[in-house]
Number of protein chains: 2
Amino acid sequence: MERPKFPDETIRRMPLYLRCLNRLIILGKDTLTSKELSEFLGVKPTKIRKDFSYFGDFGTRGVGYDLNNLVREIRNILNLDQEWKIAVAGISNVGCTILDHLEFNQPGFQITHAFDQDPELIGDTVRGVTVHDVTEIENQLSGEGIQLGLLAVPAIEARGVADSLVDAGVKGIINLAPIFIDLPEDVEVVQMDLSSELGRLVYHLTNS
Amino acid sequence: MERPKFPDETIRRMPLYLRCLNRLIILGKDTLTSKELSEFLGVKPTKIRKDFSYFGDFGTRGVGYDLNNLVREIRNILNLDQEWKIAVAGISNVGCTILDHLEFNQPGFQITHAFDQDPELIGDTVRGVTVHDVTEIENQLSGEGIQLGLLAVPAIEARGVADSLVDAGVKGIINLAPIFIDLPEDVEVVQMDLSSELGRLVYHLTNS
DNA sequence: TGTTGTGAACGAGTTCACAGCG
DNA sequence: CGCTGTGAACTCGTTCACAACA
(Lines give C-alpha, C1' and ligand atoms only; values in the text may rest on other atoms or scores of the structure.)
Protein backbone atom coordinates (compact mmCIF):
# COMPACT_ATOMS: atom_id res chain seq x y z
CA MET A 1 0.00 0.00 0.00
CA GLU A 2 2.52 2.62 -1.16
CA ARG A 3 -0.14 4.02 -3.42
CA PRO A 4 -1.68 7.28 -2.22
CA LYS A 5 -5.13 6.96 -0.72
CA PHE A 6 -7.86 8.04 -3.08
CA PRO A 7 -11.05 9.56 -1.70
CA ASP A 8 -13.85 7.05 -1.46
CA GLU A 9 -16.11 9.06 -3.71
CA THR A 10 -13.44 9.19 -6.38
CA ILE A 11 -13.16 5.41 -6.29
CA ARG A 12 -16.90 5.11 -6.60
CA ARG A 13 -16.84 7.17 -9.79
CA MET A 14 -14.01 5.22 -11.39
CA PRO A 15 -16.19 2.37 -12.72
CA LEU A 16 -18.46 5.01 -14.28
CA TYR A 17 -15.53 6.62 -16.02
CA LEU A 18 -14.20 3.26 -17.10
CA ARG A 19 -17.44 2.15 -18.67
CA CYS A 20 -17.81 5.36 -20.59
CA LEU A 21 -14.22 5.41 -21.77
CA ASN A 22 -14.44 1.83 -23.00
CA ARG A 23 -17.49 2.70 -25.07
CA LEU A 24 -15.72 5.68 -26.57
CA ILE A 25 -12.67 3.63 -27.46
CA ILE A 26 -14.89 1.16 -29.30
CA LEU A 27 -16.33 4.10 -31.21
CA GLY A 28 -12.82 4.96 -32.35
CA LYS A 29 -12.12 7.93 -30.11
CA ASP A 30 -8.65 8.29 -28.69
CA THR A 31 -8.61 11.61 -26.84
CA LEU A 32 -11.17 13.45 -24.78
CA THR A 33 -11.44 16.48 -22.54
CA SER A 34 -12.92 16.66 -19.08
CA LYS A 35 -15.69 18.81 -20.52
CA GLU A 36 -16.72 16.16 -23.02
CA LEU A 37 -16.69 13.42 -20.41
CA SER A 38 -18.68 15.70 -18.17
CA GLU A 39 -21.49 15.80 -20.71
CA PHE A 40 -21.61 12.03 -20.97
CA LEU A 41 -21.74 11.45 -17.24
CA GLY A 42 -23.31 14.49 -15.65
CA VAL A 43 -20.22 15.00 -13.48
CA LYS A 44 -18.66 18.47 -13.36
CA PRO A 45 -15.39 18.90 -15.32
CA THR A 46 -13.45 20.15 -12.30
CA LYS A 47 -14.46 17.09 -10.34
CA ILE A 48 -13.30 14.86 -13.17
CA ARG A 49 -9.96 16.63 -13.37
CA LYS A 50 -9.50 16.43 -9.62
CA ASP A 51 -10.30 12.72 -9.71
CA PHE A 52 -7.84 12.06 -12.51
CA SER A 53 -5.17 14.22 -10.93
CA TYR A 54 -4.98 11.88 -7.92
CA PHE A 55 -3.09 9.37 -9.98
CA GLY A 56 -0.66 11.71 -11.65
CA ASP A 57 -0.54 13.80 -14.77
CA PHE A 58 -2.37 11.86 -17.41
CA GLY A 59 -3.73 14.72 -19.39
CA THR A 60 -2.10 17.01 -21.89
CA ARG A 61 -2.84 20.68 -21.34
CA GLY A 62 -4.67 22.22 -24.23
CA VAL A 63 -5.60 18.79 -25.58
CA GLY A 64 -7.22 16.44 -23.08
CA TYR A 65 -6.68 12.88 -21.93
CA ASP A 66 -5.40 9.90 -23.84
CA LEU A 67 -8.19 7.34 -23.63
CA ASN A 68 -6.01 4.26 -23.62
CA ASN A 69 -3.71 5.56 -20.92
CA LEU A 70 -6.65 6.53 -18.82
CA VAL A 71 -8.36 3.16 -19.13
CA ARG A 72 -5.16 1.33 -18.32
CA GLU A 73 -4.61 3.45 -15.25
CA ILE A 74 -8.15 3.15 -13.91
CA ARG A 75 -8.18 -0.61 -14.39
CA ASN A 76 -4.92 -0.68 -12.50
CA ILE A 77 -6.18 1.43 -9.63
CA LEU A 78 -9.33 -0.61 -9.25
CA ASN A 79 -7.28 -3.80 -9.46
CA LEU A 80 -9.31 -5.11 -12.34
CA ASP A 81 -6.36 -6.70 -14.07
CA GLN A 82 -6.80 -9.74 -11.95
CA GLU A 83 -10.01 -11.73 -12.24
CA TRP A 84 -12.36 -11.28 -9.28
CA LYS A 85 -14.50 -14.28 -8.53
CA ILE A 86 -18.01 -13.80 -7.26
CA ALA A 87 -20.39 -16.15 -5.49
CA VAL A 88 -24.06 -15.27 -5.81
CA ALA A 89 -26.43 -16.27 -3.03
CA GLY A 90 -30.11 -16.11 -3.88
CA ILE A 91 -30.05 -16.78 -7.58
CA SER A 92 -33.79 -17.16 -7.95
CA ASN A 93 -34.86 -13.64 -7.34
CA VAL A 94 -32.45 -10.92 -8.03
CA GLY A 95 -29.02 -12.46 -8.09
CA CYS A 96 -28.73 -13.59 -11.64
CA THR A 97 -30.99 -11.11 -13.35
CA ILE A 98 -29.43 -8.13 -11.72
CA LEU A 99 -26.06 -9.27 -12.88
CA ASP A 100 -27.18 -9.65 -16.46
CA HIS A 101 -29.11 -6.52 -16.33
CA LEU A 102 -26.60 -4.19 -14.84
CA GLU A 103 -24.17 -5.52 -17.43
CA PHE A 104 -21.45 -5.27 -14.90
CA ASN A 105 -19.80 -8.26 -16.49
CA GLN A 106 -17.00 -6.14 -17.73
CA PRO A 107 -13.67 -7.88 -17.77
CA GLY A 108 -12.42 -8.24 -14.23
CA PHE A 109 -15.40 -10.00 -12.72
CA GLN A 110 -16.52 -13.58 -13.04
CA ILE A 111 -19.42 -15.39 -11.42
CA THR A 112 -18.18 -18.79 -10.40
CA HIS A 113 -20.74 -20.09 -7.91
CA ALA A 114 -24.46 -19.76 -7.28
CA PHE A 115 -26.57 -20.76 -4.30
CA ASP A 116 -30.23 -20.80 -3.44
CA GLN A 117 -32.47 -22.42 -0.91
CA ASP A 118 -35.29 -23.24 -3.30
CA PRO A 119 -35.16 -27.03 -4.00
CA GLU A 120 -36.68 -26.33 -7.42
CA LEU A 121 -33.63 -24.42 -8.47
CA ILE A 122 -30.90 -26.54 -6.96
CA GLY A 123 -29.12 -28.47 -9.64
CA ASP A 124 -30.17 -26.11 -12.41
CA THR A 125 -27.59 -24.31 -14.46
CA VAL A 126 -27.90 -20.54 -14.60
CA ARG A 127 -25.53 -18.64 -16.82
CA GLY A 128 -23.33 -21.69 -17.00
CA VAL A 129 -23.10 -22.00 -13.25
CA THR A 130 -24.69 -24.83 -11.29
CA VAL A 131 -26.95 -23.78 -8.44
CA HIS A 132 -26.22 -25.40 -5.07
CA ASP A 133 -28.06 -25.35 -1.77
CA VAL A 134 -27.14 -22.46 0.52
CA THR A 135 -26.12 -24.98 3.16
CA GLU A 136 -23.39 -26.06 0.77
CA ILE A 137 -21.71 -22.67 0.67
CA GLU A 138 -18.77 -23.58 2.86
CA ASN A 139 -18.20 -26.96 1.21
CA GLN A 140 -18.32 -25.57 -2.29
CA LEU A 141 -16.27 -22.46 -1.76
CA SER A 142 -13.52 -23.80 0.47
CA GLY A 143 -10.17 -23.47 -1.21
CA GLU A 144 -11.64 -21.77 -4.25
CA GLY A 145 -10.37 -18.34 -3.35
CA ILE A 146 -13.67 -16.57 -3.85
CA GLN A 147 -13.30 -12.99 -2.66
CA LEU A 148 -16.68 -11.48 -3.41
CA GLY A 149 -20.25 -12.35 -2.58
CA LEU A 150 -23.51 -10.94 -3.88
CA LEU A 151 -26.14 -11.39 -1.20
CA ALA A 152 -29.59 -11.43 -2.75
CA VAL A 153 -31.61 -13.56 -0.35
CA PRO A 154 -34.63 -12.40 1.69
CA ALA A 155 -33.85 -10.23 4.69
CA ILE A 156 -34.66 -12.94 7.22
CA GLU A 157 -32.00 -15.25 5.84
CA ALA A 158 -29.43 -12.62 4.99
CA ARG A 159 -27.44 -12.77 8.21
CA GLY A 160 -27.07 -16.53 8.24
CA VAL A 161 -26.05 -16.69 4.60
CA ALA A 162 -23.62 -13.82 5.09
CA ASP A 163 -21.96 -15.72 7.92
CA SER A 164 -21.59 -18.76 5.68
CA LEU A 165 -19.98 -16.67 2.97
CA VAL A 166 -17.54 -15.19 5.46
CA ASP A 167 -16.72 -18.60 6.89
CA ALA A 168 -15.97 -19.69 3.35
CA GLY A 169 -13.41 -16.93 3.01
CA VAL A 170 -15.35 -14.20 1.23
CA LYS A 171 -13.92 -10.76 2.07
CA GLY A 172 -16.34 -8.42 0.35
CA ILE A 173 -20.12 -8.58 0.21
CA ILE A 174 -22.69 -6.56 -1.67
CA ASN A 175 -25.85 -6.79 0.38
CA LEU A 176 -29.08 -6.29 -1.52
CA ALA A 177 -31.19 -7.41 1.42
CA PRO A 178 -32.74 -4.57 3.41
CA ILE A 179 -31.10 -5.42 6.70
CA PHE A 180 -27.91 -4.47 8.49
CA ILE A 181 -25.31 -7.21 8.69
CA ASP A 182 -22.69 -7.10 11.39
CA LEU A 183 -19.51 -8.84 10.26
CA PRO A 184 -15.86 -8.97 11.33
CA GLU A 185 -13.79 -5.85 10.71
CA ASP A 186 -11.82 -7.35 7.85
CA VAL A 187 -14.95 -8.01 5.80
CA GLU A 188 -16.23 -5.14 3.73
CA VAL A 189 -19.98 -4.78 3.27
CA VAL A 190 -21.64 -2.49 0.78
CA GLN A 191 -25.34 -1.95 1.25
CA MET A 192 -27.59 -1.35 -1.75
CA ASP A 193 -31.04 -0.45 -0.57
CA LEU A 194 -33.88 0.41 -2.89
CA SER A 195 -36.20 1.73 -0.21
CA SER A 196 -33.59 4.20 1.02
CA GLU A 197 -33.42 5.62 -2.45
CA LEU A 198 -37.17 5.61 -2.89
CA GLY A 199 -37.51 7.46 0.39
CA ARG A 200 -35.04 10.07 -0.71
CA LEU A 201 -36.79 10.49 -4.04
CA VAL A 202 -40.19 10.99 -2.48
CA TYR A 203 -38.83 13.49 -0.01
CA HIS A 204 -37.23 15.56 -2.73
CA LEU A 205 -40.36 15.48 -4.83
CA THR A 206 -42.48 16.93 -2.05
CA ASN A 207 -39.92 19.43 -0.77
CA SER A 208 -38.75 21.49 -3.69
CA MET B 1 -42.09 24.07 2.30
CA GLU B 2 -42.08 25.68 5.77
CA ARG B 3 -40.48 22.56 7.11
CA PRO B 4 -36.80 22.90 7.90
CA LYS B 5 -34.48 21.32 5.36
CA PHE B 6 -33.10 17.99 6.50
CA PRO B 7 -29.66 16.91 5.37
CA ASP B 8 -29.78 14.55 2.45
CA GLU B 9 -27.93 11.84 4.30
CA THR B 10 -30.41 12.03 7.14
CA ILE B 11 -33.27 11.51 4.70
CA ARG B 12 -31.49 8.54 3.21
CA ARG B 13 -31.31 6.91 6.62
CA MET B 14 -34.96 7.50 7.47
CA PRO B 15 -36.31 4.47 5.59
CA LEU B 16 -33.76 2.33 7.41
CA TYR B 17 -34.95 3.62 10.75
CA LEU B 18 -38.55 3.19 9.73
CA ARG B 19 -38.16 -0.41 8.72
CA CYS B 20 -36.39 -1.31 11.92
CA LEU B 21 -38.85 0.53 14.12
CA ASN B 22 -41.80 -1.17 12.44
CA ARG B 23 -40.30 -4.56 13.12
CA LEU B 24 -39.74 -3.68 16.76
CA ILE B 25 -43.29 -2.47 17.19
CA ILE B 26 -44.54 -5.80 15.85
CA LEU B 27 -42.37 -7.50 18.43
CA GLY B 28 -44.19 -5.54 21.10
CA LYS B 29 -41.53 -2.97 21.93
CA ASP B 30 -42.69 0.56 22.63
CA THR B 31 -39.58 2.47 23.68
CA LEU B 32 -35.99 2.36 22.57
CA THR B 33 -32.75 4.26 23.04
CA SER B 34 -30.40 5.55 20.37
CA LYS B 35 -27.85 3.02 21.61
CA GLU B 36 -30.18 0.08 21.04
CA LEU B 37 -31.14 1.27 17.59
CA SER B 38 -27.47 1.77 16.87
CA GLU B 39 -26.82 -1.92 17.45
CA PHE B 40 -29.56 -2.95 15.08
CA LEU B 41 -28.43 -0.70 12.26
CA GLY B 42 -24.71 -0.16 12.64
CA VAL B 43 -25.23 3.61 12.81
CA LYS B 44 -23.57 5.53 15.66
CA PRO B 45 -25.88 6.68 18.48
CA THR B 46 -24.87 10.33 18.16
CA LYS B 47 -25.72 10.27 14.50
CA ILE B 48 -29.11 8.79 15.26
CA ARG B 49 -29.81 11.44 17.90
CA LYS B 50 -28.71 14.21 15.56
CA ASP B 51 -30.97 12.81 12.84
CA PHE B 52 -33.95 12.62 15.15
CA SER B 53 -33.27 16.03 16.65
CA TYR B 54 -33.85 17.67 13.27
CA PHE B 55 -37.57 17.19 13.64
CA GLY B 56 -37.90 18.31 17.22
CA ASP B 57 -37.73 16.75 20.64
CA PHE B 58 -39.17 13.29 20.33
CA GLY B 59 -37.13 11.55 22.96
CA THR B 60 -37.38 11.54 26.71
CA ARG B 61 -34.08 12.09 28.49
CA GLY B 62 -33.07 9.17 30.61
CA VAL B 63 -35.56 6.92 28.83
CA GLY B 64 -35.37 6.95 25.04
CA TYR B 65 -37.79 7.39 22.17
CA ASP B 66 -41.44 6.43 21.90
CA LEU B 67 -41.60 4.05 18.98
CA ASN B 68 -45.05 5.01 17.78
CA ASN B 69 -44.34 8.73 17.85
CA LEU B 70 -41.15 8.18 15.99
CA VAL B 71 -42.73 6.06 13.28
CA ARG B 72 -45.54 8.54 12.82
CA GLU B 73 -43.09 11.41 12.49
CA ILE B 74 -40.79 9.65 10.04
CA ARG B 75 -43.67 8.57 7.84
CA ASN B 76 -44.81 12.15 7.87
CA ILE B 77 -41.42 13.56 6.95
CA LEU B 78 -40.96 11.11 4.11
CA ASN B 79 -44.50 11.82 2.95
CA LEU B 80 -45.45 8.19 3.11
CA ASP B 81 -48.96 8.86 4.33
CA GLN B 82 -50.05 9.33 0.80
CA GLU B 83 -49.81 6.42 -1.60
CA TRP B 84 -46.98 6.76 -4.13
CA LYS B 85 -47.66 5.08 -7.44
CA ILE B 86 -44.83 3.48 -9.32
CA ALA B 87 -44.49 2.44 -12.93
CA VAL B 88 -41.90 -0.24 -13.61
CA ALA B 89 -40.19 -0.32 -16.98
CA GLY B 90 -38.32 -3.53 -17.79
CA ILE B 91 -40.33 -6.06 -15.87
CA SER B 92 -38.63 -9.09 -17.37
CA ASN B 93 -35.23 -8.72 -15.89
CA VAL B 94 -34.88 -6.89 -12.69
CA GLY B 95 -37.92 -4.78 -12.27
CA CYS B 96 -40.33 -7.14 -10.65
CA THR B 97 -37.96 -9.41 -8.84
CA ILE B 98 -36.02 -6.61 -7.29
CA LEU B 99 -39.23 -5.16 -5.97
CA ASP B 100 -40.30 -8.41 -4.39
CA HIS B 101 -36.90 -9.10 -3.18
CA LEU B 102 -36.06 -5.83 -1.57
CA GLU B 103 -39.41 -6.06 0.17
CA PHE B 104 -39.75 -2.35 -0.20
CA ASN B 105 -43.48 -2.82 -0.49
CA GLN B 106 -43.97 -1.17 2.81
CA PRO B 107 -47.13 0.87 3.02
CA GLY B 108 -46.71 4.04 1.03
CA PHE B 109 -45.71 2.52 -2.29
CA GLN B 110 -47.79 0.78 -4.88
CA ILE B 111 -46.83 -0.61 -8.25
CA THR B 112 -49.58 0.25 -10.66
CA HIS B 113 -48.09 -0.23 -14.14
CA ALA B 114 -45.52 -2.42 -15.80
CA PHE B 115 -43.86 -2.18 -19.19
CA ASP B 116 -41.47 -4.26 -21.22
CA GLN B 117 -40.37 -4.54 -24.81
CA ASP B 118 -40.33 -8.32 -24.95
CA PRO B 119 -43.41 -9.47 -26.94
CA GLU B 120 -43.40 -12.69 -24.92
CA LEU B 121 -44.16 -10.78 -21.74
CA ILE B 122 -46.63 -8.25 -23.04
CA GLY B 123 -50.11 -9.14 -21.90
CA ASP B 124 -48.87 -11.22 -18.99
CA THR B 125 -49.86 -10.36 -15.47
CA VAL B 126 -47.00 -9.88 -13.03
CA ARG B 127 -47.86 -9.25 -9.41
CA GLY B 128 -51.38 -8.41 -10.42
CA VAL B 129 -50.25 -5.83 -12.94
CA THR B 130 -50.62 -6.28 -16.68
CA VAL B 131 -47.46 -5.81 -18.71
CA HIS B 132 -47.71 -3.39 -21.63
CA ASP B 133 -45.34 -2.52 -24.44
CA VAL B 134 -42.86 0.25 -23.63
CA THR B 135 -44.21 2.21 -26.57
CA GLU B 136 -47.49 2.37 -24.67
CA ILE B 137 -46.02 4.23 -21.70
CA GLU B 138 -47.46 7.62 -22.53
CA ASN B 139 -50.88 6.23 -23.48
CA GLN B 140 -51.20 4.14 -20.39
CA LEU B 141 -49.89 6.60 -17.85
CA SER B 142 -51.55 9.79 -19.06
CA GLY B 143 -53.86 11.16 -16.45
CA GLU B 144 -53.00 8.42 -13.97
CA GLY B 145 -50.89 10.65 -11.77
CA ILE B 146 -47.94 8.29 -11.59
CA GLN B 147 -45.10 10.07 -9.83
CA LEU B 148 -42.37 7.44 -9.71
CA GLY B 149 -40.64 5.23 -12.24
CA LEU B 150 -38.31 2.31 -11.76
CA LEU B 151 -36.09 2.08 -14.80
CA ALA B 152 -34.79 -1.44 -15.23
CA VAL B 153 -34.25 -1.76 -18.96
CA PRO B 154 -30.91 -2.36 -20.71
CA ALA B 155 -28.57 0.63 -20.88
CA ILE B 156 -29.08 1.15 -24.60
CA GLU B 157 -32.79 1.71 -24.19
CA ALA B 158 -32.69 3.54 -20.88
CA ARG B 159 -32.64 7.08 -22.26
CA GLY B 160 -35.55 6.59 -24.61
CA VAL B 161 -37.69 4.91 -21.98
CA ALA B 162 -36.80 7.57 -19.42
CA ASP B 163 -37.98 10.25 -21.83
CA SER B 164 -41.28 8.41 -22.26
CA LEU B 165 -41.75 8.22 -18.51
CA VAL B 166 -41.07 11.91 -18.15
CA ASP B 167 -43.43 12.76 -21.00
CA ALA B 168 -46.05 10.74 -19.15
CA GLY B 169 -45.62 12.94 -16.11
CA VAL B 170 -43.25 10.91 -13.93
CA LYS B 171 -41.25 13.20 -11.64
CA GLY B 172 -38.86 10.79 -9.94
CA ILE B 173 -36.90 7.94 -11.48
CA ILE B 174 -34.74 5.25 -9.97
CA ASN B 175 -32.31 4.27 -12.67
CA LEU B 176 -30.88 0.78 -12.41
CA ALA B 177 -29.33 0.95 -15.86
CA PRO B 178 -25.62 1.73 -15.90
CA ILE B 179 -25.85 4.90 -17.90
CA PHE B 180 -26.26 8.60 -17.14
CA ILE B 181 -29.64 10.03 -18.05
CA ASP B 182 -29.96 13.74 -18.66
CA LEU B 183 -33.45 14.94 -17.81
CA PRO B 184 -35.18 18.27 -17.13
CA GLU B 185 -34.34 20.01 -13.86
CA ASP B 186 -37.67 19.22 -12.25
CA VAL B 187 -37.21 15.47 -12.61
CA GLU B 188 -35.21 13.78 -9.90
CA VAL B 189 -33.01 10.83 -10.87
CA VAL B 190 -31.41 8.45 -8.43
CA GLN B 191 -28.75 6.19 -9.84
CA MET B 192 -28.22 2.71 -8.42
CA ASP B 193 -25.16 1.16 -9.95
CA LEU B 194 -23.86 -2.25 -9.03
CA SER B 195 -20.53 -1.90 -10.78
CA SER B 196 -19.72 1.30 -8.91
CA GLU B 197 -20.17 -0.59 -5.69
CA LEU B 198 -18.24 -3.59 -6.91
CA GLY B 199 -15.40 -1.31 -7.92
CA ARG B 200 -15.33 0.27 -4.52
CA LEU B 201 -15.37 -3.10 -2.82
CA VAL B 202 -12.47 -4.43 -4.84
CA TYR B 203 -10.45 -1.30 -4.21
CA HIS B 204 -10.93 -1.54 -0.47
CA LEU B 205 -10.05 -5.22 -0.44
CA THR B 206 -6.72 -4.60 -2.11
CA ASN B 207 -5.84 -1.42 -0.25
CA SER B 208 -6.15 -2.08 3.44
C1' DT C 1 -28.15 8.20 37.01
C1' DG C 2 -29.12 7.52 32.17
C1' DT C 3 -30.17 9.30 27.98
C1' DT C 4 -31.43 13.07 24.95
C1' DG C 5 -30.18 17.37 22.64
C1' DT C 6 -26.74 20.53 20.63
C1' DG C 7 -23.04 23.99 19.71
C1' DA C 8 -18.36 23.50 18.37
C1' DA C 9 -14.53 21.05 16.31
C1' DC C 10 -13.35 18.18 12.85
C1' DG C 11 -13.11 15.79 8.44
C1' DA C 12 -14.41 14.69 3.71
C1' DG C 13 -15.67 16.15 -0.65
C1' DT C 14 -16.73 19.82 -3.96
C1' DT C 15 -16.09 24.04 -6.17
C1' DC C 16 -13.50 28.04 -7.35
C1' DA C 17 -10.00 30.79 -9.26
C1' DC C 18 -6.16 30.81 -11.46
C1' DA C 19 -1.36 29.14 -12.35
C1' DG C 20 1.07 26.03 -15.59
C1' DC C 21 1.95 24.37 -19.87
C1' DG C 22 1.27 22.28 -24.74
C1' DC D 1 -5.52 30.19 -26.69
C1' DG D 2 -7.32 25.91 -24.59
C1' DC D 3 -7.33 22.60 -21.27
C1' DT D 4 -5.12 20.49 -17.35
C1' DG D 5 -3.63 20.69 -12.58
C1' DT D 6 -4.09 22.45 -7.84
C1' DG D 7 -4.06 25.17 -3.47
C1' DA D 8 -7.60 27.56 -1.02
C1' DA D 9 -12.32 28.46 0.19
C1' DC D 10 -16.46 26.50 0.94
C1' DT D 11 -20.16 23.19 1.92
C1' DC D 12 -21.84 19.26 3.96
C1' DG D 13 -21.81 15.60 7.21
C1' DT D 14 -19.93 13.38 11.35
C1' DT D 15 -18.12 13.27 15.84
C1' DC D 16 -17.19 15.14 20.28
C1' DA D 17 -17.98 17.05 24.73
C1' DC D 18 -21.04 18.35 27.65
C1' DA D 19 -25.31 20.82 29.13
C1' DA D 20 -30.24 19.79 29.99
C1' DC D 21 -33.42 17.18 32.13
C1' DA D 22 -36.78 13.07 33.31
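Q: Why is the pair D193(B) and R19(A) called a salt bridge?
A: The term requires a side-chain nitrogen of Lys or Arg within 4 Å of a carboxyl oxygen of Asp or Glu. In D193(B) and R19(A) the N-to-O distance is 2.5 Å, so the pair meets the cut-off and the name applies. The model is predicted, so that local features need pLDDT of at least 70 and side-chain atom pairs count only at pLDDT 80 or more, while totals for chains, interfaces and linings use all residues. Residues are numbered from 1 along each chain as its sequence is written, chains are lettered from A and ligands numbered from 1 in the order in which they are written, and side-chain values use heavy atoms, leaving out hydrogens and water.

Q: What makes the pair of D193(B) and R19(A) one that crosses between chains?
A: D193(B) stands in the loop between β10 (188–191) and α8 (194–206) of chain B, and R19(A) in helix α1 (residues 8–26) of chain A. Here helices are DSSP runs (H or I, at least four residues), as are strands (E, at least two), numbered from the N terminus. R19(B) likewise forms a salt bridge with D193(A), with the closest N and O atoms 2.5 Å apart. Between chain A and chain B the count is six salt bridges; over all chains it is 20.

Q: Which helix gives the most to the side of chain A that touches chain B?
A: Helix α8 (residues 194–206) of chain A does, with 13 residues.

Q: How many residues does the contact take from chain A and from chain B?
A: Chain A gives 68 residues and chain B gives 67, contact meaning heavy atoms within 4.5 Å.

Q: What is the area that chain A and chain B bury between them?
A: The size of an interface is often given as the accessible area lost when the parts come together. Buried area is that loss (1.4 Å probe), summed over both parts. For chain A and chain B the value is about 6,300 Å², with 68% of it on carbon and sulfur atoms.

Q: How do you know that chain A and chain B have the relation of a two-fold axis?
A: The copies are superposed by least squares on the C-alpha atoms of residues with pLDDT of at least 70 in both. Chain A falls on chain B by a rotation of 180° with 0.0 Å of shift along its axis, at an RMSD of 0.0 Å. That is the relation of a two-fold axis. The same surface serves both copies, since 99% of the contact residues of chain A recur in chain B.

Q: What makes S34(A) a residue near DNA strand D?
A: A residue is near a strand if one of its heavy atoms lies within 4 Å of it. S34(A) is among the closest of the 23 residues that surround DNA strand D.

How values were computed
Buried area is the accessible area (1.4 Å probe) that two parts lose on being put together, summed over both.
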